[in-house]
Amino acid sequence: MKALMVDVDGVLVHGRPADGLPYFTYLERDLGLTREMLQQAFFKPYWADIVTGREQIEPRLKSVLDRIAPNITPETLMDYWFENDSRLDRQLLEGLVEYRNKGVTLFLATNQEHRRAAYLMERLGLSEYFDGIFYSAALGHKKPSEDFFRIATERSGYERHEIAFIDDSVENIDAAQRFGWNALHWTSGMTLETANSHFNQPIRL
């Protein structure tokens, strides 16, 4: 293993900083907008294009909020969303620092749109821990598409057999393994010490 790709949501980030609950748990209480309404009006029809970079989040979110919650601005909702989806797994980060100190290059490999990707690296400070980020809106493809893994590999500067990957989605792990990454399904309570035994095994193709 020369490079380790790390998923964000469900691996490194777990919901609200205060309690780990899903980020929109109290959306209706705090902003007067239900999760169901936002899902139907915004995420369901538009998210696929936004998360793959075919559409920008701000204008689309504004048009939706003007219709369903005109008192809420896109910036207000994005600030609320990002801040409430930012609980970092500090134990995992500490382990990743040890990997990096031993010469392993660290990358984030995640399905994100541009604004949250920047938030993760800049506001949450993940640029201090990772050598770069490969995210769907910048690559034009999202996991589990083979194109995501192909472009991330090309841009990383490593060969596919030199790359390890942790993700909480079985579908993403299966796709990464088919591509040739040494991929491990990350589950609750897992540690990098547990992962080491897997990464020392031959890559399953």
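Modeller: Contact means that heavy atoms lie within 4.5 Å, and please keep in mind that this is a predicted model.

Colleague: At what angle do helix 4 and helix 6 pack?

Modeller: The angle is about 50°, and their axes are 11 Å apart. Angles under 35 degrees count as roughly parallel and 65 to 115 as roughly perpendicular, so helix 4 is oblique to helix 6.

Colleague: And which residues make that contact?

Modeller: Helix 4 contributes Glu75, Met78, Trp81, Phe82 and Glu83, while helix 6 brings Arg115, Arg116, Tyr119 and Arg123. Sorted by class, this contact of helix 4 with helix 6 holds 4 nonpolar and 5 charged residues, with no polar ones.

Colleague: Switching to the sheet, in what order do the strands come?

Modeller: The open sheet has 5 strands in the order 3-2-1-4-5, with parallel pairing. Strand 3 (132–135) and strand 5 (182–185) are at the edges with a single partner strand each, so one side of each has no neighbour in the sheet. From one strand to the next, the twist averages 20°.

Colleague: What about strand 1 and strand 4?

Modeller: Strand 1 (residues 3–6) pairs with strand 4 (residues 163–167) in the parallel sense over 4 bridges, and Val6 stands opposite Ile166 of strand 4.

Methods:
Residues numbered from 1 in each chain as written. Predicted model: local features only at pLDDT ≥ 70, side-chain atom pairs only at ≥ 80, totals over all residues. Heavy atoms only, no water. Pairing = 2+ DSSP bridges. Helix = DSSP H or I, 4+ residues; strand = E, 2+ residues; numbered from the N terminus. Axes fitted to C-alpha atoms, helices over the stretch in contact; angles between N-to-C directions. Parallel < 35°, antiparallel > 145°, perpendicular 65-115°, else oblique. Nonpolar A, V, L, I, M, F, W, Y, C, P; charged D, E, K, R; others polar.
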